[in-house]
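Here is a friendly walk through a ligand site and a pocket. Have the sequence and the 3D view open as you read.

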Amino acid sequence: MSTSATSSGRRPLVGVSFKMYFDIPKTKSYLDESISLLSSNLSSLAQPADVFVIPDFVTLTSVASQISSANSTFLLGAQDVHSQDSGAFTGEVSPKVLAQAGVKFVEIGHAERRRYFGETDEDVANKAAAIAKNGMVPLICIGEVSKPKNINDLSISDVEMVVEECWRQIRPALEAMDNQAEVVLAYEPVWAIGKSEPASPEYVVKITKALRRRYNKDYVESAKGRTDASMRILYGGSAGPGLFAKIREGVDGLFLGRFAHQPQAFIETIKEIAGTK
Ligand SMILES: O=C(CO)COP(=O)(O)O
């Protein structure tokens, strides 16, 4: 059976963050197995997709070596970054160094970094600009904190309220970046992270479609010079195999966590997103 993953013209994108779950041996064995599974499934994928892994900082360069020595198509991501290229910022990691290490996507503004480490929208904007300036792509996490009360019967203004909350998180970053810079939004409702199941597909499609409309209105149709193709939207928050087909109308792929901790589940999800011949 042949399934085509997107009709948008945007390249499908899917990846996993290990957060702080994996130790060094686990990271290595997970990558070994995922690299081998992906390469044996590559020829059955219906279309090319960007697939990334985001290890912790300690294992970043060894993961880069694992990927390049296996000639794998996996792309490398980082979980955070500082906004300056160098200086007296003890404990921080430079965007310039991440680029030198082979990183392509840099995650910023994750709900856990906002909640536990006080990351602000302004921090996210400064980091986004630094990431883009260093030739990498900011993967900006956004999402509403509370679950809307009438989630199964949302009015237009309920949707607008959620989009407004998300847009406050993304707008400063879009304003801070060069208009040509590519960006990825990871829409992760905070209340759906770390749960047994994701937000409902109907809800995710409503919100992600509204986010794209907002982006197109503010940055593509206005004379800001951005293109529809320069922003991809992922859904994250207890996502796993079986979800993408239900939300594909609104998103370009998934940002995975726990439900991709088994390499087989990760590869199954990649196949669902890229489609199979
Ligand atoms: O936060 C997430 C990805 O960044 C999602 O994590 P979980 O899928 O484990 O809820």
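## About the model

This is a predicted model, where local features need pLDDT of at least 70, side-chain atom pairs count only at pLDDT 80 or more, and totals for chains, interfaces and linings use all residues. Residues are numbered from 1 along each chain as its sequence is written, and side-chain values use heavy atoms, with hydrogens and water left out.

## Around the ligand

The residues around the ligand include Lys19, His110, Glu188, Gly194, Phe255 and Arg258; a residue counts here if one of its heavy atoms lies within 4 Å of the ligand. By class, the shell holds three nonpolar, five polar and three charged residues. In this scheme Ala, Val, Leu, Ile, Met, Phe, Trp, Tyr, Cys and Pro are nonpolar, Asp, Glu, Lys and Arg are charged, and the others, Gly among them, are polar.

An N or O atom in the side chain of Arg258 is 2.6 Å from an oxygen atom of the ligand. For Gly194, a backbone N or O atom lies 2.7 Å from a ligand oxygen, and for Lys19 a side-chain N or O atom is 2.9 Å from one. The protein buries 100% of the 310 Å² that the ligand exposes when taken alone (Shrake-Rupley method, 1.4 Å probe).

## The largest pocket

Which residues lie nearest the centre of the largest pocket? They are Lys19, Met20, Gln79, Arg113 and Phe117, from a lining of 18 residues. This lining has six nonpolar, five polar and seven charged residues.

Terms used. A polar contact is a pair of N or O atoms within 3.5 Å; within protein, one must be able to donate a hydrogen and the other to accept it, and residues adjacent in sequence count only if both atoms are side-chain atoms. On a 1 Å grid over the protein atoms alone, a cavity is a set of points where a 1.4 Å probe fits but cannot get out, and a pocket is an open set with protein on both sides within 12 Å along at least five of seven lines; lining residues have an atom within 4 Å of a point.
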